[in-house]
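Open the model in your viewer and keep the sequence panel beside it. The stops below go from the whole chain to single elements and residues.

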Amino acid sequence: MNMSSKTETRALAALDDPRWTALRARDAAADGQFFYSVRTTGVYCKPSCAARPARPENIAFHATAAEAEAAGFRPCRRCKPDQPPLAQRQAALVAELCRFIEQAPNPPSLDVLAERVALSPHHLHRLFKAQTGLTPKAYADAHKARRLRELLQEYGSVTDALYGAGYGASSRFYAQADALLGMAPRRYRDGGAAAEIRFALGQCALGAILVAQSERGLCAISLGDDAEALLRELQDRFPKARLIGGDAGFEQLVARVVGFVEAPGVGLDLPLDVRGTAFQQRVWQALREIPPGRTASYSEIAALIGAPRAVRAVASACAANTLAVAIPCHRVLRQDGSPGGYRWGVERKRELLAREAKP
């Protein structure tokens with residue numbers, strides 16, 4: 001076989017290979033599934049490499065990077081096929097910065113963080129928010145608030161807790177305390193002591209239901225199989241609060257909530273006591289904008305709040321929701337349309353969606 005025939009044979013073999021289509025499309029989804037080498041340059045690449053396309057007769061496919069290197073090819077300097085995928089490297093970089101922020105005695109500036117990972121402040125700011133849903137400053141503030149909650153339980157002094165958590169000025173802290181904790185710091189430290197929460201247990205079409213209301217509004221709508229377990233969960237959230245069984249007036253409110261749970265399309269025009277981080281509240285607000293009978297994926301919610309890569313954080317925020325149906329996390333599905341998880345049971349999630357789908 002002459003040289004021309006060999007070249008033509010190699011070209012036809014490459015074109016017949018289904019991997020050629022992914023290579024020509026620079027399909028990032030194919031990265032890691034195979035690699036290709038180029039005879040004329042001596043390098044091997046990922047399918048998504050942005051380098052100028054090679055002629056098919058100069059292409060060979062390899063199952064692994066090690067296989068390509070064993071054949072004598074070196075990794076492309078542009079797509080770096082011997083390194084983890086870009087998304088994985090970015091996630092690891094942001095995770096490293098999160099640990100750095102958490103361990104720093106004072107919140108590091110954006111410039112300090114950018115210098116640490118050799119990126120421009122603007123690029124880092126955009127990357128960090130895309131991965132976590134928060135800016136570096138908001139992440140530092142959220143960590144500080146989380147640390148404060150821990151120390152309020154550990155320390156006997158509110159002052160010691162706020163300085164231990166990194167709050168430099170007590171006046172600024174007290175101005176923000178109610179939004180951070182949902183109550184005064186001493187009351188939070190004491191497990192909600194002196195706070196009054198009215199509650200009632202009942203039954204609905206989805207099983208046992210607990211409805212609880214603070215002075216601000218509904219703070220819990222819980223569903224389950226065991227009413228006593230729902231009450232214990234409420235007691236664990238507010239171990240020193242004064243839990244008061246509902247009177248006749250409160251029973252009317254509970255009846256409205258039960259009616260809403262059984263027919264979500266009617267709406268629930270009652271104040272809610274929503275407590276969560278800034279990110280969680282953004283997610284919960286986005287969920288409340290999904291109309292009955294409609295659904296959204298976790299990735300769609302992440303994109304809606306401006307954090308397209310924070311899909312896992314969106315799922316965690318859904319799991320942290322304590323107001324069943326009022327904050328409709330049951331309307332969020334996986335990308336493939338499967339239900340995913342649900343705090344109150346996947347079967348209840350399916351039943352709620354089925355009820356909302358009815359005309």
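**Whole chain**

Of the 359 residues of the protein chain, 42% count as buried, where buried means under 20% relative accessible area, exposed over 50% and partly exposed in between (1.4 Å probe, protein chains only). This is a predicted model, in which local features need pLDDT of at least 70 and side-chain atom pairs count only at pLDDT 80 or more, while totals for chains, interfaces and linings use all residues. Residues are numbered from 1 along each chain as its sequence is written, and side-chain values use heavy atoms, with hydrogens and water left out.

Colour by secondary structure: the protein chain has 16 helices and 10 strands. Helices (H or I, at least four residues) and strands (E, at least two) are DSSP runs, numbered from the N terminus. Among contacts (heavy atoms within 4.5 Å) between residues at least 6 apart in sequence, 56% join residues at least 24 apart.

**Stop 1: the four-stranded sheet**

Select β1, β2, β3 and β4. These 4 strands form an open sheet in the order β3-β1-β2-β4, with mixed pairing. The edges are β3 (59-62) and β4 (74-75), each of which pairs on one side only. Two strands pair if DSSP finds at least two bridges between them. Strand β1 (residues 35-38) runs antiparallel to β3 over 4 bridges.

Now pick Val 38, which is in strand β1. For a distance check, draw a line from the C-alpha of Val 38 to that of Arg 55; the two are 8.6 Å apart in space and 17 residues apart in sequence.

**Stop 2: the largest cavity**

The structure holds 2 cavities of 30 Å³ or more. On a 1 Å grid over the protein atoms alone, a cavity is a set of points where a 1.4 Å probe fits but cannot get out, and lining residues have an atom within 4 Å of a point. Grid points are joined across faces, edges and corners, and a volume is the space filled by probe spheres set on the points.

The largest cavity has about 60 Å³ of space. Select its lining: Leu 23, Arg 24, Arg 26, Tyr 36, Pro 47, Cys 49, Ala 51, Arg 52 and Pro 53. By class, that lining has 6 nonpolar, no polar and 3 charged residues. Here Ala, Val, Leu, Ile, Met, Phe, Trp, Tyr, Cys and Pro count as nonpolar, Asp, Glu, Lys and Arg as charged, and the others, Gly among them, as polar.

Stay on Arg 26, which lies in the loop between α2 (19-24) and β1. Arg 26 has a positive phi of about 50° although it is not a glycine. At 35% relative accessibility, Arg 26 counts as partly exposed.

**Stop 3**

Move to strands β6 (residues 207-213) and β7, which pair in the antiparallel sense over 6 bridges. Gln 213 stands opposite Leu 218 in β7. The hairpin has 4 residues between the strands, and Gly 217 takes a positive phi near 155°. In strand β7 (residues 218-224), 7 of its 7 residues are buried.

Which element gives the largest share of its lining? That is α11, with 4 residues. Among the lining residues are Leu 210, Ala 220, Ser 222, Thr 322 and Arg 343.

**Stop 3: helix α15**

Finish on helix α15 (residues 311-320), where Val 314, Ala 317 and Cys 318 are buried. Looking down the axis of α15, the buried residues fall within an arc of 100°, so they line one face of the helix. They pack against α13 (278-288), α14 (298-304) and β10 (332-333).

Technical notes:
1 Å grid on protein atoms, 1.4 Å probe; cavity = no way out; pocket = protein on both sides within 12 Å on 5 of 7 lines; lining within 4 Å. Arc of directions from axis to C-beta.
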